Amino acid sequence: MTNLTTAQRYLCFDFGEKRLGVATGVRTQMSSQALTVLTVTNDQPDWKLIESLIREWSVEAFVVGLPLNMDDSEQELTQKARKFANRLHGRFGLPTYLHDERLSSAEVKDYLYEIGGYKKLKQNPIDAYAAELILKGFFEQHHPS
């Protein structure tokens, strides 16, 4: 089984009740890129689309952003993100990691505004860029030596 020390290609999700931001990256290269935003309907993403992304990017592990409150307490969305992570693992059998996602969406908005102003902010899939930031944070925390 692939684990953190051997997994190279990751798929990361910025979990939301209506949208899932998706990014991919390679841990040893510390590289990541925003991919897409998937729609969530009745607490269910399009599992076939996720499966397609797994195949397309040769994914070996998942990272799911864990929405925590600023005081480290959990909220209803935290439990839903955990449930989604468990479903990912159960469906695809790949290692699945949770990573603190506090402020990722706010950081993305600031970044997009810096590089292109309000127009850039309106045109970009913030959720996918949030997933990219979550994955970057995960890679920084688990950088291979």
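## Secondary structure and overall build

The protein chain contains four helices and five strands. Their order along the sequence is β-β-β-α-β-α-β-α-α. The model is predicted.

Of the 145 residues in the protein chain, 40% are buried. The chain exposes about 8,000 Å², and carbon and sulfur atoms supply 47% of that area. Among contacts between residues at least 6 apart in sequence, 63% join residues at least 24 apart.

## Helix H4

Helix H4 covers residues 126-141. With 16 residues at 1.5 Å a residue, H4 should span 22 Å; the C-alpha atoms at its ends are 23 Å apart, so the two values agree.

The buried residues in H4 are Ile126, Asp127, Ala128, Ala130, Ala131, Glu132, Ile134, Leu135, Gly137, Phe138 and Phe139. The list includes the acidic residues Asp127 and Glu132, and each of these takes part in a salt bridge: Asp127 with Arg19, and Glu132 with Lys136.

Asp127 lies in helix H4. Its relative accessible area is 15%; because the cut-off for a buried residue is under 20%, Asp127 counts as buried. Apart from neighbours within four places in sequence, Asp127 is in contact with Asp14, Arg19, Gly21, Val22 and Val37.

One of these contacts, Arg19, is also the salt-bridge partner of Asp127, with the closest N and O atoms 2.6 Å apart. The pair links distant parts of the chain: Asp127 is in helix H4 and Arg19 is in strand E2 (residues 19-26), 108 residues apart. The two partners fall into separate accessibility classes: Asp127 is buried, whereas Arg19 is partly exposed, with a relative accessible area of 43%.

## Salt bridges within helices

The structure holds five salt bridges. In one of them, the side chains of Arg55 and Glu51 meet at an N to O distance of 2.8 Å. Both residues belong to helix H1 (residues 47-56); they are four residues apart, and therefore separated by about one helical turn. Arg55 is exposed, at 60% relative accessibility, while Glu51 is partly exposed, with a relative accessible area of 34%.

A salt bridge also joins the side chains of Lys136 and Glu132, at 3.7 Å from N to O. These residues lie in helix H4, four residues apart, or about one turn of the helix. Lys136 is partly exposed, at 35% relative accessibility. Glu132 is buried, with a relative accessible area of 13%.

## A salt-bridge network

Which residues are linked in a network of salt bridges? They are Glu17, Glu76 and Lys80.

## Sequence separation of the paired residues

The pairs described above can be set side by side by their place in the chain. Arg55 and Glu51 are four residues apart in helix H1, and Lys136 and Glu132 are four residues apart in helix H4. Asp127 and Arg19, by contrast, are 108 residues apart and connect helix H4 with strand E2.

Definitions and conventions
Residues are numbered from 1 along each chain as its sequence is written. This is a predicted model: local features need pLDDT of at least 70, side-chain atom pairs count only at pLDDT 80 or more; totals for chains, interfaces and linings use all residues. Side-chain values use heavy atoms; hydrogens and water are left out. Helices (H or I, at least four residues) and strands (E, at least two) are DSSP runs, numbered from the N terminus. Buried means under 20% relative accessible area, exposed over 50%, partly exposed in between (1.4 Å probe, protein chains only). Contact means heavy atoms within 4.5 Å. Accessible areas come from the Shrake-Rupley method with a 1.4 Å probe; for residues, only the protein chains shown count as cover. The expected span of a helix is 1.5 Å times one less than its number of residues. A salt bridge is a side-chain nitrogen of Lys or Arg within 4 Å of a carboxyl oxygen of Asp or Glu.
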